[in-house]
Amino acid sequence: MELRAVRGMNDILPEEVERWHKLEGAFRLHAELHGYAEVRTPLIEPTELFQHQMGETTDVVEKEMYSFERHGDRLTVRPEGTAGAARAYVEHAVHAKEPVTRWYYLGPMFRGERPAKGRYRQFYQAGCELFGDPGPLCDAETIDLVATFLQRIGIGDFVVHVNSLGSAGTRERYREALLAHFAPRKGELSEDSQRRLEKNPLRILDSKDPRDHAVSRDAPSILDLLDDADQAHWQGVLRCLDVLGVSYVIDRSLVRGLDYYTRTLFEVKVTSSDLGAQSTLVGGGRYDNMVAGLGGPSVPAIGFAMGMERLLTMMPDVPARRGPGCFLAPLGQSGADRALLLAKQLRALGVSVELDGRGGRLKSMLRRADALGARLCVILGDSEVERGVIQIKDLVAHLQEEIPLEGAARVLADRALEASPGGQRGAR
Ligand code: HAM
């Protein structure tokens, strides 16, 4: 029997990993620039955490979680990062240590969705969660962080959608308004939506079923029901976005597929066809009740997560993978001994080195250096060692020269690390 990877779960081979590193490095830099520090939470959490926080009647919880029982515990492989981050925030009483906490994370998430281009069962998210600031200013800053990040990695063709869901009181009134809208047309709704009608009519608005779209089209908008405090917050967010120069569209139909949101919601979508139907790159919003819901104090929060595979599809190509900075081609015993030492010195200076220890002919070693895409090739034969020199072939500039062996490591390091786009010194 031929064993293959699980459907919707992909291998990422070394030639693709370069682009992943670049994206991850850019995200870390950008998040840290905004005061975020990395948090790493477990891949597996109690099933209850997701059921209670994401909502019993969401698609993710009802149909997509990888849940199992082990040693009497009900466990789930995390479908997202927010609930785990909030659980860790409460468990470690972080609120008692600092008034505002900014955490970012990178890692795999698992949802048993139907695989398609841009939609996987194991996918990677990069996300940020901010705890402790209730103000509209930080909502706008969070959205701006996302927009500037996308620009930073070369994605320009996107639209920021924003909406507000109001706080708990507003949502209860909205629930009633939705019920009044949908109940007379119950028979036209999908089976899922009919079932969810009483419990959670908001979910009908983000259903993927075309039967629900038709009935949702003229549903009331929550923006018309915001109370004064919600309205002030919402207007504050829009004003700050204007101050920051972030372009956005107000999307009254945006509700997002998870139950924990309050007030500000946002998504970033692309219009390009590269992603097929999976046009949402980023999703996020405020979730002011989660920390208290997990037994912590009343601490407001906001965050977002981006789908890394989707970002990579949209991110322009980076220059092809560069090989080692230096390829060492020794000839003879004393050449090989000196090469061993030189490789060690170069690595200590931050240069990636590949030493050809096969003892082959010069021609085949040069061919190997070329195939690897090495920047420099150093030829070190017994006669060179005797004369106290090395031969350097610059495989990019196509030049060859002889330099003294003494102090060669420094000279080679400077050349190999010479600032070039994607050069090793600047790369993370
Ligand atoms: P989400 O909208 O479920 O939100 O996911 C965020 C992003 O993850 C999506 O916009 C998409 O790019 C990517 N994504 C989701 N599912 C898949 C999949 N099956 N395959 C590939 N990519 C996928 C959340 O997860 C929230 N935790 C975001 C958040 C953080 N809200 C507040 N803080």
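Reader: How many salt bridges does the structure hold?
Author: The structure holds 31 salt bridges; a salt bridge is a side-chain nitrogen of Lys or Arg within 4 Å of a carboxyl oxygen of Asp or Glu. This is a predicted model, where local features need pLDDT of at least 70, side-chain atom pairs count only at pLDDT 80 or more, and totals for chains, interfaces and linings use all residues. Residues are numbered from 1 along each chain as its sequence is written, and side-chain values use heavy atoms, with hydrogens and water left out.

Reader: Which residues are linked in a network of salt bridges?
Author: That network links D59, E62, K63, D192, R195, R196 and K208.

Reader: OK, and what about R375, which side chain does it meet in a salt bridge?
Author: R375 pairs with D394, at 4.0 Å from N to O. R375 lies in the loop between α14 (362-372) and β14 (376-381) and D394 in strand β15 (residues 389-394), so the pair ties together parts 19 residues apart in sequence. Helices (H or I, at least four residues) and strands (E, at least two) are DSSP runs, numbered from the N terminus.

Reader: Are R375 and D394 buried or exposed?
Author: Both R375 and D394 are buried. Buried means under 20% relative accessible area, exposed over 50%, and partly exposed in between (1.4 Å probe, protein chains only).

Reader: Switching topic: where is S216 found?
Author: S216 sits in helix α9 (residues 210-216) and is buried, at 13% relative accessible area.

Reader: What does S216 touch?
Author: Leaving out residues up to four places away in sequence, S216 touches F182, I204 and L205. Contact here means heavy atoms within 4.5 Å.
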